[in-house]
Amino acid sequence: MPSDSPYSRVREADAAVADALTGELNRQRDTLAMIASENHVSPAVLEAQGSTLTNKYAEGYPGKRYYAGCEYADEVEELAIERAKELWGAEHVNVQPHSGTQANMGVYLAVLDPGDKILSLDLNHGGHLSHGHPANFAGQLFEVEQYEVNAETGYIDYDGLHEHAEAFEPDIIVSGFSAYPREVEFERVQAAADAVGAYHLADIAHITGLVAAGVHQSPVGVADFVTGSTHKTIRAGRGGIIMCDEEYASEIDGAVFPGAQGGPLMHNVAGKAVGFAEALEPEFETYAQQVVDNAETLGETLASHGLSLVSEGTDTHLVLVDLRESHPDLTGGEAEDALAEAGIVLNANTVPAETRSPFDPSGIRAGTPALTTRGMGEAAIRQVGDLIYRVVDNVDDEDVIAEVSDEVSELCEVYPLYEDL
């Protein structure tokens, strides 16, 4: 693998940071990124995000800025908006949120008052902090209750959600997840929202690319608001996005700026625009389908070794493994550490009916977007699944971990990353 650094100008100014940047580049080249929320953007997106737009303040919106000199910032943001509308079929798009969490904040600020009620998926059952966890602003500002998955099947209990909504009478219901391996049935969530007169926010942070490519059903046109991240399965500039019908446009835009943040990160908006352009190419649909096929293959491989999968499989880009049955004395944190030592980077994760601390839970979560970006298909993914099991089954065997590390290095050579940087 290349070890030379492209950060020559950084090195002249700051050798310590250049060393860290070079280390990170080589870490990504030499390990398998399987954290489900991570991906590898193209060199074009990297270049856009490192552009001189990082220097430009552009508070406001295209044609209505609070600073002069925004003509090119306007052009870039308008391109990002129009491409997003084409990708997801939305009437109105705001591409300024700095993250998916701030996109959710924008929706809450647009339609809720402090103390209003949120009904969302429990974090231990696959939800997200920004859906109302007490440590997050959403849990601090609003009254939150949460629905769950069926502990036996691993699927969202939509009937239970509907009953919970009727009893709680929320002002908004949040659908979406950070660790749920099945397709979300947005229409059933919408029916629950309609029954109690609530808004419906569909958070597609993990599946923005899958939805854009048509390999996961879309909530656009179903839910009142759709939020997402722009750097996961969509592989664009890092940040967030909000989509809605035109009737909510002014409320959403005002909630993002000046409500939730000041100047947009225009270099990231440029990265979004470039990534969206790439996603509009026919090849992206092939990529997204391969992500799903690879996740299914990964799940089947792990299950063939006796590992238990939450919901017994996946429809999306991730698998969630519950270690309690196959390896009752092994925690997710211990598995994560051993796999990282072998060069396979994924994360410990809570599972439904979790019995351990969320800081060292009972499961591991693995995703296929980044490996698919590297060019891996089902055969390579089966090999990766075998390697994961070998480590999980031998976390204290340094010889096994070293052998797996060697195979990981070979895979990284066959499927190289960022060769031209």
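**Charges and patches on the surface of a predicted model**

D397 is partly exposed in this predicted model, with a relative accessible area of 30%.

Colleague: In which loop does D397 lie, and which patch does D397 belong to?

Modeller: The residue lies in the loop between α15 (378-392) and α16. D397 gathers on the surface with D329, E334, D337, E341, D396, E398 and D399, and together these residues make a patch of negative charge. The place asked for is therefore the α15 to α16 loop, at a relative accessible area of 30%, and the patch is the negative one.

Colleague: Which element gives the largest share of the negative patch?

Modeller: Among the residues of this patch are D329, E334, D337 and E341. Two elements give two or more residues to the patch, namely α13 (332-341) and α16 (398-414). The largest share is three residues, and the element that supplies them is α13.

Colleague: Which residues make the nonpolar surface patch, and is Y66 buried or exposed?

Modeller: The nonpolar patch, of about 400 Å², is made by Y57, Y66 and Y67. Y66 has its place in the loop between β3 (64-65) and α4 (71-88). Because the relative accessible area of Y66 is 62%, and the limit for this class is over 50%, Y66 is exposed.

Colleague: How many residues apart are R27 and E24, and in which helix?

Modeller: Side chains of opposite charge can pair when their charged atoms come close. R27 forms a salt bridge with E24, and the closest N and O atoms of the pair are 2.8 Å apart. R27 is partly exposed at 34% relative accessibility, and E24 is also partly exposed, at 31%. The two are separated by about one helical turn, because they stand three residues apart in helix α2 (residues 15-30).

Colleague: How far apart in sequence are the parts that R188 and D159 tie together?

Modeller: The side chains of R188 and D159 meet in a salt bridge with an N to O distance of 3.2 Å. R188 lies in helix α8 (residues 186-196) and D159 in helix α7 (residues 158-168), so the parts that this pair ties together are apart in sequence by 29 residues.

Colleague: Are R65 and D74 buried or exposed, and which residue joins them in a network of salt bridges?

Modeller: R65 and D74 meet through their side chains in a salt bridge, at 2.6 Å from N to O. Both R65 and D74 are buried. The network of salt bridges links R65 and D74 with a further residue, E77.

Conventions:
Residues numbered from 1 in each chain as written. Predicted model: local features only at pLDDT ≥ 70, side-chain atom pairs only at ≥ 80, totals over all residues. Heavy atoms only, no water. Patch = residues over 30% accessible without salt bridge, like charges linked within 9 Å, V, L, I, M, F, W, Y side chains within 5 Å. Areas by Shrake-Rupley, 256 points an atom, 1.4 Å probe, with all protein chains shown as cover. Salt bridge = Lys/Arg side-chain N within 4 Å of Asp/Glu carboxyl O. Helix = DSSP H or I, 4+ residues; strand = E, 2+ residues; numbered from the N terminus. Buried < 20%, exposed > 50% of the residue type's maximum accessible area, 1.4 Å probe, protein only. Lys, Arg positive; Asp, Glu negative; His and termini not counted. Charge placed at Lys NZ, Arg CZ, Asp CG, Glu CD.
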